[in-house]
Amino acid sequence: MVLYVPLPPEDRFSEFEIIPAEDNYQNPPTGNYQQQHAEWFEEQLEDDLKWSFALNGVLHAATSEFQDIVLLDTKRFGKALVIDGKLQSAERDEFIYHECLVHPALLLHDNPKTIFIIGGGEGSTARESLKHKDVEKVIMCDIDRMVVDFCREHLTENQEAFRDDKLHIVFNDAKDELEKTEEKFDVIVGDLPDPIEGGPCNDLYTKPFYEQVIKPHLKDNGIFVTQAGLAGILSHKDIFTSIYNTIKHVFKYVIAYTAHVPSYADSCGWVLASDEPLKLDVEQLNSRIQERIRGDLLYLDGASIVSSTVVNKMICTSLLKETQVLTGENVRFVYGHGLAKNAEE
């Protein structure tokens, strides 16, 4: 048995350090256990917390100008995309994250035609957006061409979306791209990695970005939605509550919602916002799902969309009491760091 873990910060994540089992156990397991569990991937979630799962192998690894990219073949979750040492999505449950990110916003909008995706290089957010029959144009703006090319080649479940004529892919910083266009959108979707020290997208979680870039590029009835990090009992104060509070200072109507994603070993949070009232009605949502969406949703229906906005007392209290507003100078990071931090060291 061997254990795969990321190398220290000064080394590239596209390489792995192999730790023999005897270094981790006083009495290493024997027999067919070793054959069934040949190797593991390990992610450091906190200084004192790790999350690991068994691998069939490492399928592909690369390092771009901005981040380290690895595609793993895991035993439990299928193919898993890892960026800068942090799990982004896994084949067997990514539908939970991406359905929750995309469909509530598009279903709450009366008639979404144009979608702008910030990030989303793996293509899953575009895939879900393109399920809506009346959507005419989806722009996916990702800063990292290598991530997009990597995922377009290796994530077969999104290849149809990448071939769709309605999808327009732009390689640029989303802030720069939005600032240079006068186009306004029905829905803007933030599908970015969590803010980490030295990460490439930290400024895209701040009040100036939401206020000066996002809001001016939404139509009058437009909706903005972003992933907002982990939202479990022990993790929701990392960035979820501060992202929610920051967006509350920009938009009139703001909804926070959560769902458990098994491969994250936690609940994930999203924040949805508009300057127009947002109507959470189970029957209307179910009707719009039937009328607008091609095929079936695996996770969401009207009732589950509404129920996802009901968080437990502890998280609700934290959301109400949060005071931090994220700015360029006032930030929060999740555990870990990106290549920019590595370069400084």
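Colleague: Between which two elements is the loop that holds L234?
Modeller: This is a predicted model in which local features need pLDDT of at least 70 and side-chain atom pairs count only at pLDDT 80 or more, while totals for chains, interfaces and linings use all residues. Residues are numbered from 1 along each chain as its sequence is written, and side-chain values use heavy atoms, with hydrogens and water left out. Helices (H or I, at least four residues) and strands (E, at least two) are DSSP runs numbered from the N terminus. In these terms, the loop with L234 is between β12 (218-230) and α8 (240-248).

Colleague: Is L234 buried or exposed?
Modeller: Buried means under 20% relative accessible area, exposed means over 50%, and partly exposed is in between, with a 1.4 Å probe and protein chains only. The relative accessible area of L234 is 84%, so this residue counts as exposed.

Colleague: Which residues make the nonpolar surface patch of about 360 Å²?
Modeller: Patches are made of residues with over 30% relative accessible area and no salt bridge, with like charges joined within 9 Å and nonpolar side chains (Val, Leu, Ile, Met, Phe, Trp, Tyr) within 5 Å. A salt bridge is a side-chain nitrogen of Lys or Arg within 4 Å of a carboxyl oxygen of Asp or Glu, and accessible areas come from the Shrake-Rupley method with a 1.4 Å probe, where for residues only the protein chains shown count as cover. The residues that make this patch are I233, L234 and M314.

Colleague: Which residues is D191 in contact with, leaving aside its neighbours within four places in sequence?
Modeller: D191 is found in strand β11 (residues 185-191), and its relative accessibility of 10% makes it buried. With contact taken as heavy atoms within 4.5 Å, D191 touches Y97, H98, L101, I117, I118, G119, G120 and T125.

Colleague: What are the centre distance and the angle between the planes for W51 and F53?
Modeller: Rings of Phe, Tyr and Trp (its six-membered ring) pair if their centres lie within 6.5 Å, with planes under 30 degrees apart counted as stacked, over 60 as edge-to-face and the rest as tilted. The structure holds eleven aromatic pairs. W51 and F53 form one that is edge-to-face, at 6.1 Å centre to centre and 65 degrees.

Colleague: Why is the pair of Y97 and W270 tilted?
Modeller: Y97 in helix α2 (residues 94-108) and W270 in strand β14 (residues 266-274) are 173 residues apart, so that the pair links distant parts of the chain. Y97 is buried at a relative accessible area of 6%, and W270 is buried at 0%. The ring centres are 5.9 Å apart, and the pair is tilted because the planes are at 50 degrees.

Colleague: Near what value is phi of D84?
Modeller: D84 is in the loop between β6 (78-83) and β7 (86-90), and a relative accessible area of 12% makes this residue buried. Phi is positive here in a residue other than glycine, with a value near 50 degrees.
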